[in-house]
Structure formats: structure tokens, C-alpha cells
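Please look over the chain shown here.

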Amino acid sequence: MIWRVLVGTVSLLVGMLTLGYVAITEEDRMASFSTAYESRRIEAGAALYEAQCATCHGDRGQGGRGPMLDNVALFDGTITGQIGWTGTVHDYIYLTIAAGRPRPSEAYAALGSANRMPTFSNRFGGPLRDDEVLSLTAFVMNGGEAYKDASGQFPQATPPPNPNAAGTD
């Protein structure tokens with residue numbers, strides 16, 4: 001009888017220590033899982049981009065019939081500000097992919113890309129599921145990471161020189 005109590009007590013202690021260890025390391029495990037999940041989502045988005053987007057936006061996002069996606073002005077909010085978008089850049093890219101752009105964009109006309117964009121989400125009649133649209137959005141947003149400086153911020157645009165400013169020379 002005493003050995004059963006002893007075995008039960010030791011089993012309880014081992015179980016408590018195991019649960020404590022799992023609880024302590026859970027945050028690191030979840031961070032690792034989230035990073036791996038996001039990486040897989042970006043990889044899936046790259047395959048979708050090659051199949052669905054490269055014909056208009058170029059194989060490296062350099063533009064063509066569609067606007068250039070390899071552009072710091074897209075990621076730092078300059079373009080979204082010019083067209084009056086008040087949401088996040090991520091939401092702008094997601095909704096543009098999902099619902100398309102049924103009207104030619106005046107803001108992109110100055111950049112030489114005033115074409116319409118078709119819808120891609122099957123909610124709007126396109127060929128892609130919502131998770132595929134999110135993967136494609138993650139891939140496009142990942143391109144903006146190259147423009148961030150060491151502090152994780154986009155560099156501020158250098159204002160053009162004022163031709164009417166008085167010189168000091």
C-alpha cells in the first residue's frame with residue numbers, strides 16, 4: 001500500500017514538472033511555429049504570384065501592364081495616401097487582389113499603369129480561395145521588407161530642393 005502511494009506521488013510530481021516545463025517553453029514554441037507558418041504562406045504566395053500575377057506585374061514585381069510592386073512608395077504609404085486610402089497597406093493590397101480594380105486608377109496613370117485589375121478572390125468571381133489571397137498578400141508584403149532600415153522603419157523620402165530658397169553660398 002505504501003509503495004502505491006509513493007508511486008502515485010512521484011507520478012504526480014513528474015506530471016507537474018512536465019506541465020510546468022511545457023508552460024514555460026510554450027511562448028518560444030508558438031513563436032517558432034508562427035514564423036514557420038508565415039514562411040510557408042509566403043512560399044505558397046510566390047507560387048501563386050508566378051502563376052497569376054507575373055504576366056502583368058513582372059516576374060520580379062518590376063511592372064508592365066500592371067503597376068510596379070517592387071516600389072518603396074507602395075509599402076511606405078505614399079501611394080495609398082495619394083489615392084485617399086485610410087486603411088493599412090496590407091489591407092489595401094489584400095482588397096486589391098481580392099476585389100480587383102474595376103476602374104482605371106488615376107493615381108497609377110501617372111506611373112504608366114492605369115489598367116484595370118481583375119478580381120482574384122472567388123468571393124468576387126475570381127479563381128482563388130481566401131487563404132490563397134492571403135498567401136499572395138503575404139508574398140507581396142514580404143517584398144516591402146527589403147526597403148526597411150535597421151530600425152524596421154521605411155526611410156523618409158528626401159524632399160526636393162526648393163528652387164526659391166535663398167542660398168548660403
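Contact here means heavy atoms within 4.5 Å. By that rule, Val89, His90, Ile93, Tyr94, Ile97 and Ala98 in α5 meet Asp130, Val133, Leu134, Leu136, Thr137, Val140 and Met141 in α7. These residues divide into ten nonpolar, two polar and one charged. The model is predicted.

**The chain**

The chain has seven helices and zero strands. From the N terminus on, the elements run α-α-α-α-α-α-α. The chain has 169 residues, and 25% of them count as buried. Take the contacts with a separation of 6 or more: residues 24 or more positions apart account for 45% of them.

Two packed helices are described by the angle between their axes and the distance between the axes.

| Pair | Axes come within | Crossing angle |
|---|---|---|
| α5 (residues 89–99) and α7 (residues 130–144) | 9 Å | roughly 130 degrees |
| α1 and α7 | 7 Å | roughly 95 degrees |

α1 is therefore roughly perpendicular to α7, since angles of 65 to 115 degrees count that way. α5 and α7 are oblique to each other. The crossing of α5 and α7 is right-handed.

Which residues bring α1 and α7 together? On the α1 side they are Glu38, Arg41, Ile42, Ala44, Gly45, Ala46, Leu48 and Tyr49. On the α7 side they are Glu132, Leu134, Ser135, Leu136, Ala138, Phe139 and Asn142. By class, this contact has nine nonpolar, three polar and three charged residues.

Leu134 and Leu136 of α7 meet residues in α5, and both also meet residues in α1.

How far apart are the end C-alpha atoms of α7? They are 22 Å apart. The 15 residues of α7 should span 21 Å at 1.5 Å a residue, so the two values agree.

Burial in α7 takes in Glu132, Val133, Ser135, Leu136, Thr137, Ala138, Val140 and Gly144. The cover over these buried residues includes α1 (2–52), α3 (72–75) and α5. An α-helix has 3.6 residues a turn, so residues three or four places apart point the same way.

In α5, the buried residues are Val89, Tyr92, Ile93, Tyr94, Thr96, Ile97 and Ala98. Among them, Val89, Ile93, Tyr94, Ile97 and Ala98 are in contact with α7.

Glycine 100 follows α5, and its phi is positive, near 75 degrees. Glycine 100 sits in the loop between α5 and α6 (106–109). Is glycine 100 buried or exposed? With a relative accessible area of 2%, glycine 100 is buried, because the cut-off is under 20%.

What touches glycine 100, leaving aside its neighbours within four places in sequence? The contacts are Leu95, Met117, Pro118 and Thr119. Phenylalanine 120 is 20 residues from glycine 100 in sequence, and their C-alpha atoms are 6.8 Å apart in space.

**Glycine 77**

Glycine 77 is in the loop between α3 and α4 (78–82). Its relative accessibility is 23%, so glycine 77 counts as partly exposed. Glycine 77 and glycine 87 are ten residues apart along the chain, with 9.7 Å between their C-alpha atoms.

Key:
Residues numbered from 1 in each chain as written. Predicted model: local features only at pLDDT ≥ 70, side-chain atom pairs only at ≥ 80, totals over all residues. Heavy atoms only, no water. Axes fitted to C-alpha atoms, helices over the stretch in contact; angles between N-to-C directions. Helix = DSSP H or I, 4+ residues; strand = E, 2+ residues; numbered from the N terminus. Parallel < 35°, antiparallel > 145°, perpendicular 65-115°, else oblique. Left-handed = near helix turned anticlockwise from the far one by under 90°. Nonpolar A, V, L, I, M, F, W, Y, C, P; charged D, E, K, R; others polar. Expected span 1.5 Å × (residues − 1). Buried < 20%, exposed > 50% of the residue type's maximum accessible area, 1.4 Å probe, protein only.
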